[in-house]
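Please look through the structure shown here before reading the briefing that follows.

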Amino acid sequence: MTQSVTAETPAATGHRGVYRLSPDRAPDPRPVALRFEDLSMTYPDGTEALTGIDLSIAAGEFVSIIGPSGCGKSTLARIASGLLPQTGGLVRIDRDHLAFTFQEATLLPWRRVLGNVELMMELRGVPAAERKRKALEQLDLVGLTGFEDRFPRALSGGMKMRASLARSFALDPTVFLFDEPFGALDEINRERLIEELSALHRAKGFTGFFITHSIPEAVYLSSRVVVMGARPGRIAAEYAIDLPQPRNADLRFDPAFTEGCAEISHCLRGLMQPDERTSQ
Ligand SMILES: Nc1ncnc2c1ncn2[C@@H]1O[C@H](COP(=O)(O)OP(=O)(O)OP(=O)(O)O)[C@@H](O)[C@H]1O
């Protein structure tokens, strides 16, 4: 069982749990991997999706973004990925070592699993022998060894997402953007993939930027959870997730985990005023 915020927690380890961060706190001294500076986005039809987003993510951090539907989470991820140009402010990110996974696994149906995982390396000109070795290594990491020769249609939703993750990890990304990658999966598959992603983050040390609707998913994976308010999206609150690492399935039963989820849920509900709900 993991430690919780109780009297059992030895004083020497300090108070562990989920706590709200002050907007005036000192800047993180670690190198920055992703930064939004006074970022705003207004779509051509006049929809103001984001306003005044200031957010800095340090190298190796795993940060989740949570917020009401339509608050601009996907817009933020698409701007970070470079797929969508912002209309105001700046985004700083190294896109040479960037990977992203969105809700759909987007595998090529005419390529076998191995061919799909090799695809991005092929596009970057990685020699055949090296790409095969690397693809097999990534497939092993995501638990798909033995499925290399299958076509995507013969995979479950969870397996397709695993293959998609393997394809991205093959590029050794330093920054990985996720936009609700497990949203279409059933609960058990989802929990398993979250546990595996958390272990992969620890093993590989990339910087994670994770969009989700699920508070437990965000708390499980993250070192920090950012709560966005309804449109035009802005940052409403940030929480440090100071829970033990490595994380495992037991964490979900830890009082510090459930209390942290409840607090973030409370914050989110407070942001969803009736007029905001009807305007979404
Ligand atoms: N291409 C577009 N043109 C105009 N408005 C858009 C466009 N794409 C998104 N929007 C609007 O911008 C706002 C933010 O959308 P976005 O998809 O980023 O929100 P979200 O927080 O990811 O939503 P959800 O949680 O439901 O996926 C919404 O009001 C949406 O309708």
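Helices (H or I, at least four residues) and strands (E, at least two) are DSSP runs, numbered from the N terminus. The model is a predicted one, in which local features need pLDDT of at least 70 and side-chain atom pairs count only at pLDDT 80 or more, while totals for chains, interfaces and linings use all residues. Residues are numbered from 1 along each chain as its sequence is written.

- Strand β9 covers residues 224–229, and because 6 of its 6 residues are buried (20 or more other C-beta atoms within 10 Å of a residue's own; 12 or fewer is exposed, and in between is partly exposed, with C-beta atoms placed from the backbone), the strand is largely enclosed by the rest of the structure.
- In a regular strand the side chains alternate between the two faces of the sheet.
- Strand β4 (residues 62–66) pairs with β9 in the parallel sense over 4 bridges (two strands pair if DSSP finds at least two bridges between them), and I66 stands opposite V227.
- Strand β10 (residues 234–242) runs antiparallel to β9, to which 6 bridges join it; the bridge partner of R224 in β10 is A240, and a hairpin of 4 residues links β9 to β10.

**An open sheet**

- An open sheet is formed by 3 strands in the order β3-β2-β5, with antiparallel pairing.
- The edges are held by β3 (48–58) and β5 (88–93), each with a single partner strand, so one side of each is left without a neighbour in the sheet.
- Strand β2 (residues 32–42) is joined to β3 by 7 bridges, and F36 has L55 of β3 as its bridge partner.

**The ligand shell and K73**

- The ligand is surrounded by 13 residues (a residue is near a molecule if its C-beta atom, placed from the backbone, lies within 6 Å of it), and the closest are Y43, S69, K73, S74 and T75.
- Helix α1 (residues 73–81) gives the largest share of this shell, 3 residues.
- By class, the shell divides into 3 nonpolar, 7 polar and 3 charged residues, where Ala, Val, Leu, Ile, Met, Phe, Trp, Tyr, Cys and Pro count as nonpolar, Asp, Glu, Lys and Arg as charged, and the others, Gly among them, as polar.
- K73 lies in helix α1 and counts as buried because it has 24 C-beta neighbours inside 10 Å.
- Leaving aside residues up to four places away in sequence, K73 touches I65, G67, I211 and M228 (two residues are in contact if their C-beta atoms, placed from the backbone, lie within 7 Å).

**Backbone exceptions**

- Most residues other than glycine have a negative phi, and most peptide bonds are trans.
- D38, found in strand β2, has a positive phi of about 45 degrees although it is not a glycine, and D38 is exposed, with 11 other C-beta atoms within 10 Å.
- E180 is placed in the loop between β7 (175–179) and α5 (187–204); its phi is near 45 degrees, a positive value in a residue other than glycine, and with 18 C-beta neighbours inside 10 Å, E180 counts as partly exposed.
- The peptide bond from Q245 to P246 is cis, with omega near -5 degrees, and P246 is in the loop between β10 and α7 (255–271).
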